[in-house]
Amino acid sequence: MYPKTLSDLIESFKLLPGIGEKTAERLAFAVLSFSEADCEKFSKNIENSKKNIHPCKKCGTLTDEEICSICKDKTRTKDTLIVVEDSKDVFLFEKIGNFKGYYHVLGGLISPLDGINPEDISVDNLIERIKNGKYTEIIVALKPSVEGETTVQYIKKMLEGYDIKVSKIASGVPIGAE
């Protein structure tokens, strides 16, 4: 029904999470209404993001520098590290603004059924950071799923013998909710 070029653009938008047929069509038509300059800027931003965004060498969160701005920030609490699944979690915590320590991004959760083992995520880097750092508390902020709990237990097991407090963020049903 649509010209091939427009169909291809719609299909490209459908690659994005949460984008179905109708939304992809709306986005494609929106792009068609862009000025030439806006269209060029839009495509350049996608290209630059793909080329320049990579994990921080220290914590694993997404950055366009070698070391992210959070790891460079000397005013943060140096003895607390929060462990998260991915960079989206780091940005969420930063948006909230309550946590002032450092982060460690695992890049996934242990899931043997999906073929994801401890060596497939950044647990070894976490242990190395803890050995070389002066952390007194590790807060594990992973989703309350089987994979999340498996990962939490593995991390706790790996940290046995270290003089470090390992805690987990609270989860569950709020009081009064049904």
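Guide: Ile10 has its place in helix α1, in a model that is predicted. Because its relative accessibility is 2%, and buried is the term for anything under 20%, Ile10 counts as buried. Once its neighbours within four places in sequence are left aside, the residues in contact with Ile10 are Tyr2, Glu21, Ala24, Glu25 and Ala28. A further distance places Ile10 relative to Thr23: the two are 13 residues apart in sequence, and their C-alpha atoms are 8.9 Å apart in space.

Helix α1 covers residues 4–13 and helix α2 covers residues 21–32, and their axes come within 8 Å of each other, crossing at roughly 120°. The two helices are therefore oblique to each other, and the crossing in which α1 passes α2 is right-handed. On the side of α1, the contact is made by Leu6, Leu9, Ile10 and Phe13, while α2 contributes Glu21, Ala24, Glu25, Leu27, Ala28, Phe29, Val31 and Leu32. Sorted by class, this contact of α1 with α2 has 10 nonpolar residues, 2 charged residues and no polar ones.

Val31, one of the α2 residues in that contact, leads on to Phe42, which lies in helix α3, residues 36–52. Phe42 and Val31 are 11 residues apart in sequence, with a C-alpha to C-alpha distance of 8.9 Å. If neighbours within four places in sequence are left aside, Phe42 is in contact with Val31 and Phe34. Phe42 has a relative accessibility of 35%, and it therefore counts as partly exposed.

Turning to the strands, Thr63 is found in strand β2, which is made up of residues 62–63, and with a relative accessible area of 7% Thr63 is buried. A polar atom of the Thr63 side chain lies 3.1 Å from the backbone nitrogen of Glu65. Beyond the neighbours within four places in sequence, Thr63 is in contact with Asn52, Ile53, His54, Pro55, Cys56 and Cys68.

Another threonine, Thr80, lies in strand β3, residues 80–84, and at 11% relative accessibility Thr80 counts as buried. Its side chain is joined to the side chain of Asp79 by a polar contact of 3.2 Å. With neighbours within four places in sequence set aside, the contacts of Thr80 are with Phe99, Gly101, Tyr102, Tyr135, Glu137 and Ile139.

The last stop is Leu159, whose place is in the loop between α7 (146–158) and β6 (165–168). Not counting residues up to four places away in sequence, Leu159 touches Ile127, Ile130, Ile138 and Val166. As for Phe91, it stands 68 residues from Leu159 in sequence and 26 Å from it in space, taken from C-alpha to C-alpha.

Definitions and conventions:
Residues numbered from 1 in each chain as written. Predicted model: local features only at pLDDT ≥ 70, side-chain atom pairs only at ≥ 80, totals over all residues. Heavy atoms only, no water. Helix = DSSP H or I, 4+ residues; strand = E, 2+ residues; numbered from the N terminus. Buried < 20%, exposed > 50% of the residue type's maximum accessible area, 1.4 Å probe, protein only. Polar contact = N/O pair within 3.5 Å; in protein donor to acceptor, adjacent residues only side chain to side chain. Contact = heavy atoms within 4.5 Å. Axes fitted to C-alpha atoms, helices over the stretch in contact; angles between N-to-C directions. Parallel < 35°, antiparallel > 145°, perpendicular 65-115°, else oblique. Left-handed = near helix turned anticlockwise from the far one by under 90°. Nonpolar A, V, L, I, M, F, W, Y, C, P; charged D, E, K, R; others polar.
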